[in-house]
4 protein chains.
Amino acid sequence: MKKKQTQTEPAITLSAGPVGVYPRVLRAMATPVQYDFDPYFQEFYENVNDKVSEALRIDYPALIMHCEPAPGIEAAAASLISKQDVVLNLASGVYGKGFGYWSARYNKELLEIEVPYNESISPDQVDSMFAKRKDISVVSVVHHDTPSGTINPIEEIGKIVRDNNALLLVDAVSSWGGMNIHPNDCCADIFITGPSKCLGGAPGLTIMAVNERAWQHIDNNKDAPFASALSLSDWRNAWRHDQPFPFTPSVAEMNGLNAVIDNYLEEGPENVWARHRTTASACRAGIRAMGCDLWAVDESIAADTTTAVRIPDGVEDESLRMTARNIFGVAFSSGRNETLGKLLRIGHMGLVAQPIYALIAITALGGALNHLGHNVDTAAGIDAATKAIVKDASA
Amino acid sequence: MKKKQTQTEPAITLSAGPVGVYPRVLRAMATPVQYDFDPYFQEFYENVNDKVSEALRIDYPALIMHCEPAPGIEAAAASLISKQDVVLNLASGVYGKGFGYWSARYNKELLEIEVPYNESISPDQVDSMFAKRKDISVVSVVHHDTPSGTINPIEEIGKIVRDNNALLLVDAVSSWGGMNIHPNDCCADIFITGPSKCLGGAPGLTIMAVNERAWQHIDNNKDAPFASALSLSDWRNAWRHDQPFPFTPSVAEMNGLNAVIDNYLEEGPENVWARHRTTASACRAGIRAMGCDLWAVDESIAADTTTAVRIPDGVEDESLRMTARNIFGVAFSSGRNETLGKLLRIGHMGLVAQPIYALIAITALGGALNHLGHNVDTAAGIDAATKAIVKDASA
Amino acid sequence: MKKKQTQTEPAITLSAGPVGVYPRVLRAMATPVQYDFDPYFQEFYENVNDKVSEALRIDYPALIMHCEPAPGIEAAAASLISKQDVVLNLASGVYGKGFGYWSARYNKELLEIEVPYNESISPDQVDSMFAKRKDISVVSVVHHDTPSGTINPIEEIGKIVRDNNALLLVDAVSSWGGMNIHPNDCCADIFITGPSKCLGGAPGLTIMAVNERAWQHIDNNKDAPFASALSLSDWRNAWRHDQPFPFTPSVAEMNGLNAVIDNYLEEGPENVWARHRTTASACRAGIRAMGCDLWAVDESIAADTTTAVRIPDGVEDESLRMTARNIFGVAFSSGRNETLGKLLRIGHMGLVAQPIYALIAITALGGALNHLGHNVDTAAGIDAATKAIVKDASA
Amino acid sequence: MKKKQTQTEPAITLSAGPVGVYPRVLRAMATPVQYDFDPYFQEFYENVNDKVSEALRIDYPALIMHCEPAPGIEAAAASLISKQDVVLNLASGVYGKGFGYWSARYNKELLEIEVPYNESISPDQVDSMFAKRKDISVVSVVHHDTPSGTINPIEEIGKIVRDNNALLLVDAVSSWGGMNIHPNDCCADIFITGPSKCLGGAPGLTIMAVNERAWQHIDNNKDAPFASALSLSDWRNAWRHDQPFPFTPSVAEMNGLNAVIDNYLEEGPENVWARHRTTASACRAGIRAMGCDLWAVDESIAADTTTAVRIPDGVEDESLRMTARNIFGVAFSSGRNETLGKLLRIGHMGLVAQPIYALIAITALGGALNHLGHNVDTAAGIDAATKAIVKDASA
């Protein structure tokens with residue numbers, strides 16, 4: 001009855017997430033599952049929540065939702081955005097654009113600034129929009145739009161939003177923990193992230209920072225869901241050891257999250273960001289030197305956590321990735337929706353945010369392109385990436 | 001910064017869920033997390049889905065939702081029930097009653113048969129209701145209403161519902177896998193369960209059987225959610241190795257589910273049910289012999305997976321559970337909402353569905369009651385439970 | 001080709017070792033294995049060794065041997081005992097007696113004090129022997145002779161040995177970590193123990209405390225093995241991060257040992273000993289109250305880590321243990337060699353050194369005896385054990 | 001008290017063992033530890049032993065010793081070799097030479113053929129020795145002398161030994177499971193290997209094939225150890241479910257071994273050997289193309305499981321390995337004793353016997369050499385290795 005697995009695992013995965021999970025976190029997920037109403041687990045949950053707050057660098061309690069960030073973001077939209085809200089959605093990629101669809105279910109009016117998916121939103125555009133529309137009450141933006149591997153300047157944008165007295169919702173799922181960005185750095189009122197990207201945890205939880213301004217807005221939203229998968233409020237006080245959970249939390253994922261955060265804090269966030277940066281810089285240097293193009297119009301907006309490479313003309317996306325996987329044992333991510341087929345993504349997150357993986361990526365990608373008849377100069381790529389690695393190691 | 005854990009774990013947990021997870025399943029959850037779009041994982045997911053179908057004894061694909069059963073049931077309500085539906089909700093406990101609130105968000109009209117929470121729904125009541133209301137299109141019922149530890153006769157109810165051409169939604173979260181009940185046994189059109197009760201898995205996934213009749217109803221429901229945590233349709237084809245996931249599945253939970261189902265099928269479902277039954281019978285025999293009352297009005301409606309014991313007059317619920325936990329190291333479950341404070345629950349699920357745990361329960365509960373000054377005859381309880389165990393072992 | 005496992009695991013194991021391993025330790029054993037010559041592992045090894053010294057309460061480096069304690073003890077005999085040594089072996093059980101055979105391979109002369117295997121060595125006997133034989137250079141004694149479940153008064157014995165200027169070798173494999181005994185408490189020159197008994201680790205390592213006096217004796221023993229499984233000297237400095245290992249250490253076992261010691265130190269040794277003592281006291285009270293006899297002639301010499309119960313006349317050892325296992329799911333240990341068939345052993349070590357397991361032992365043993373037609377008063381046993389537990393909990 | 005770990009783990013380890021352990025095996029090592037005398041474990045042990053026999057392709061029971069192969073080989077020497085034996089030891093490297101020292105403790109006379117440690121033993125030399133010495137009763141040889149990364153032609157040697165009616169003892173610790181070699185292929189009477197090299201298990205067990213001829217020789221050796229860490233006989237029948245263990249087996253290591261063998265048999269030995277061979281070939285091609293020298297005088301005697309690279313003049317061993325580790329995150333093995341400082345070893349065993357790791361090795365080694373001022377042509381190395389990989393993938 002049982003079908004046999006015919007596919008084998010790739011030797012090395014350099015995806016844009018889910019990523020390989022730190023062994024310590026995998027082991028933590030094998031911790032015996034405790035009864036959620038037992039005092040032991042209730043205290044444990046509060047302690048984990050505290051550590052998440054510490055990692056987010058906020059002085060109010062973090063909010064953990066027991067679902068992957070996509071439904072977590074949907075829940076944030078459903079809870080925050082009301083029929084009174086004019087929402088400005090900033091779309092520089094597939095994920096940013098997608099938020100607009102969720103917003104539109106709840107808002108009074110949806111405004112949008114959209115740029116080509118290899119560019120980023122300019123703070124000036126946001127400024128101009130506010131100049132025209134004083135009634136914008138909520139702004140939504142993705143920090144790292146993963147399907148493009150590009151970054152928006154959310155510190156500047158956040159300042160503008162706050163100055164205009166609107167609320168800012170930030171999706172930092174695939175940058176937080178790999179880059180130096182926190183809720184307060186960008187004046188986010190709701191900041192959404194998760195453990196399964198740069199922190200090297202498993203997918204299944206959403207981490208949020210929801211500040212007092214946002215909670216008030218939610219409290220005033222009479223259509224905000226309750227007793228629902230889409231409700232933030234249900235979980236607002238669930239972190240307290242003396243409060244019940246609205247439904248059973250994902251106990252094993254919490255055990256994993258505990259290790260994820262310990263891992264991050266013990267290594268030192270600055271050290272973690274540095275190795276993401278070094279790996280990405282070396283990778284980008286190599287990609288360019290070998291004769292490939294970055295997807296981002298400008299390297300300055302390329303994320304430290306994902307390198308998106310434009311697929312050369314005449315090369316087919318699927319063939320390229322399968323060649324890298326089947327001959328060299330290295331799995332890359334494809335694009336998504338509008339970027340699918342146009343770019344290939346090399347993840348630098350968690351475990352593989354180590355310089356050697358930049359060299360592996362270049363070797364495997366170069367090898368695959370050459371094998372498919374698209375000649376690139378892998379040697380130049382390796383050389384440039386090596387120089388970047390050596391330079392950072394000597395710094 | 002890090003707070004120290006002050007509470008210690010109980011030596012033994014006999015909860016009504018989440019329950020202790022089989023070691024094999026815990027280890028499976030520590031399997032390296034694969035990229036969800038990699039062919040390896042896509043094939044793995046399809047294989048797990050197939051095995052879930054086999055365990056459900058259905059000949060159509062099972063549906064796995066990446067959330068705990070509570071939001072899973074909410075999603076089923078949101079997807080199935082439309083503004084055209086007259087819903088008959090059968091409420092014999094807290095969970096049954098709760099479904100009515102979800103139904104009411106979506107239905108045209110909610111009818112309800114409610115019985116005291118220590119009784120069960122009679123098929124005759126359902127029959128009579130259909131006689132009065134030919135327009136009932138959906139019936140919802142909980143098999144094992146966990147906060148009461150009682151069972152509804154869903155095979156008979158299911159037959160009536162099918163004969164009246166309505167759809168039946170069954171919550172079998174805390175009975176399936178511990179008792180002989182499957183979607184087809186009770187003519188369920190949507191049958192909802194999960195891995196974290198009788199199957200000894202972690203909480204975080206919902207398992208559903210949605211048959212063709214139910215999918216048609218959902219397809220015809222123009223308000224059925226899509227691109228949402230509440231959408232069943234989003235996931236309908238996600239099990240196929242050549243179809244994308246609507247959002248990232250909980251990879252580690254899928255690794256756990258794979259082991260959960262293997263464990264169940266390899267032990268043999270009939271063997272699993274038998275040890276749940278023996279443990280529950282022995283426990284109930286002991287409870288009665290020691291001078292305590294079962295919560296259920298009649299032992300015939302007591303679940304094989306949870307023994308609910310009426311808390312004797314003069315004994316305080318919290319004190320009783322904390323005494324059992326602190327002196328004897330055994331954690332029990334309390335009631336929930338209306339049953340809170342009135343009963344204590346001894347779980348017989350998964351790992352602890354072994355006769356020795358019936359003896360442990362009686363010893364710890366008896367010891368705690370006596371310690372609190374409520375004299376019970378623990379010796380008689382042990383004796384009766386032992387006799388029941390020996391009888392089953394000799395059978 | 002692969003044979004199917006036909007035996008199932010017992011629900012609960014109350015053995016005298018190997019015992020159930022703490023989940024935390026099991027997880028630690030799943031830590032990625034590092035290259036033993038890598039600086040990371042070398043530093044890790046030194047740190048673990050330091051923690052072992054701390055747990056042994058010695059101010060010199062502990063010695064870890066990469067084998068189970070039986071070959072570890074053989075190695076100690078081979079390394080320490082020379083053709084110049086007159087060895088006094090104290091034999092109050094199978095293990096004590098066994099040491100004499102190893103000693104005899106190396107010593108000049110073997111003297112022995114042997115008592116019936118349900119009694120313990122009296123310090124007066126040792127004193128008298130020294131009075132007669134000034135030339136005794138080495139004394140060997142087992143603290144807890146596991147096959148008998150009895151304890152020797154090694155603090156008093158140790159003082160006598162030291163006063164007579166002989167060396168003392170102590171086997172404390174199945175008492176250290178469960179009782180308050182350390183090398184310096186008993187003037188041991190070589191103190192041998194391991195992680196797989198009271199500390200709830202896996203079998204595969206030996207922990208030793210070898211003091212300077214013992215090392216000098218070994219250095220002077222020109223027949224002491226080197227480049228050998230039997231050599232203590234090979235490993236003397238291997239703990240240092242800058243020294244090589246004589247052969248590959250058991251890396252996974254070291255990962256487990258690290259967690260074993262953390263677990264012990266974090267819980268607090270005094271707390272660990274206390275729960276071993278409470279469990280044993282309650283168990284012994286119950287055993288006697290139900291009408292069974294302890295193996296030990298006097299309860300004062302019964303170990304806190306194992307309760308040896310005399311098998312009643314007319315009951316067959318194997319039947320008794322298999323009845324307890326097959327009907328009640330509880331596995332006990334048999335005796336060994338001379339004690340085999342005469343006693344049954346209930347382990348109180350590590351994970352199961354919790355009072356509830358005393359009640360489980362009594363219930364299962366009582367149930368099994370009654371089932372075999374040997375009537376005991378299980379109820380009285382439960383009652384007496386419960387009283388002992390309550391008394392300790394209130395203390 | 002607890003010292004903080006200051007060293008971090010290398011990103012990638014390419015050692016000659018201990019090697020990275022397969023995740024499946026790590027998880028298996030976290031299996032709950034069972035009581036060794038319980039029928040469940042006794043049956044399990046027999047089943048594992050059967051599978052080891054299958055993997056060794058022998059039709060008599062395998063012998064598992066509960067220690068690392070170094071003491072395992074010592075035990076084989078101690079058990080097999082008697083005062084009547086003339087032993088011919090074949091020394092083509094540090095490990096081969098080392099066996100002579102053990103042999104000399106037990107034999108009547110030690111003969112030795114020794115070649116430079118970058119060469120291998122020629123069958124002709126063995127033939128000539130037998131022509132001179134008809135009284136040779138035991139021959140000992142290492143298949144893969146790991147500190148040199150070189151292979152001896154043991155099939156031919158074995159035939160000569162058998163024809164001369166002597167016994168052959170083979171150390172195949174670091175080749176078996178990675179290359180096509182089995183006891184019967186080389187007429188070995190004692191064939192010694194282990195799980196922690198090519199099979200990707202943890203160090204801590206020795207696997208042996210001891211045939212009837214060898215057991216007879218041992219039985220006739222009146223000095224063969226018993227009740228000892230050095231005794232093979234003690235364990236001869238311990239694999240049988242109805243026989244006791246001479247001392248406690250390493251239960252967790254047995255759980256690991258079970259997974260190690262399943263892993264090997266399920267992947268298919270021929271597939272496993274093929275990926276070791278491809279990885280080694282690609283690595284050697286790259287090493288030569290970049291301008292480095294293999295240690296082996298002739299590539300035909302280079303092992304498929306380790307590539308030993310001669311350290312270029314002017315480069316210091318320790319600096320080279322630490323540069324590769326600290327800048328590129330890749331840990332290599334050094335030489336051992338006579339080869340220490342003269343060569344660096346790249347392991348191709350288990351998990352990392354995948355072609356991409358050949359590229360990683362070349363990149364990191366090339367990068368480190370260049371960084372130290374010794375210019376090599378990494379690009380040419382990558383190119384040659386890539387070509388070798390592509391060629392094998394297309395085959």
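**Contacts within and between the chains**

Me: How many salt bridges are counted between domain 1 of chain A and domain 2 of chain A?
Reply: Keep in mind that this is a predicted model. A:Arg57 pairs with A:Glu270, their closest N and O atoms being 3.3 Å apart, and a salt bridge needs such atoms within 4 Å, so this pair qualifies. The count between domain 1 of chain A and domain 2 of chain A is 1.

Me: Which element gives the largest share of the side of domain 1 of chain A that touches domain 2 of chain A?
Reply: Start with the polar contacts, where the two domains of chain A have 15 residue pairs, both residues at pLDDT 80 or more. At least two residues each come from helix 4, strand 7 (150-151) and helix 8 of chain A on the domain 1 side. With 3 residues, the largest share belongs to helix 8 of chain A.

Me: Now to the neighbouring chain: what area is buried between chain A and chain B?
Reply: Chain A brings 68 residues to this contact, and chain B brings 68 residues. Carbon and sulfur atoms give 54% of the buried area. The area itself is about 5,200 Å².

Me: Which residue of chain B meets A:Arg325 in a salt bridge?
Reply: Chain A and chain B have 2 salt bridges between them. In one of these, the side chain of A:Arg325 comes to 2.6 Å, N to O, from its partner. That partner is B:Asp38.

Me: How many residues does helix 2 of chain A give to the side that touches chain B?
Reply: Polar contacts between chain A and chain B come to 28 residue pairs, both residues at pLDDT 80 or more. Elements that give two or more residues to the chain A side include helix 1 (23-29), helix 2 (39-56) and strand 12 (330-334) of chain A. Helix 2 of chain A gives the largest share, 9 residues.

Me: How many charged residues are on the side of chain D that touches chain A?
Reply: Chain D and chain A bury about 1,700 Å² between them, 83% of it on carbon and sulfur atoms. The count is 0 salt bridges and 0 residue pairs in polar contact, counting pairs with both residues at pLDDT 80 or more. The elements giving two or more residues on the chain D side are helix 10 (317-328), helix 11 (355-371) and helix 12 (378-394) of chain D. By class, that side has 15 nonpolar and 6 polar residues, while the charged residues number none.

Notes
Residues numbered from 1 in each chain as written. Chains lettered and ligands numbered in written order. Predicted model: local features only at pLDDT ≥ 70, side-chain atom pairs only at ≥ 80, totals over all residues. Heavy atoms only, no water. Contact = heavy atoms within 4.5 Å. Buried area = accessible area lost by both parts, 1.4 Å probe. Polar contact = N/O pair within 3.5 Å; in protein donor to acceptor, adjacent residues only side chain to side chain. Helix = DSSP H or I, 4+ residues; strand = E, 2+ residues; numbered from the N terminus. Nonpolar A, V, L, I, M, F, W, Y, C, P; charged D, E, K, R; others polar.
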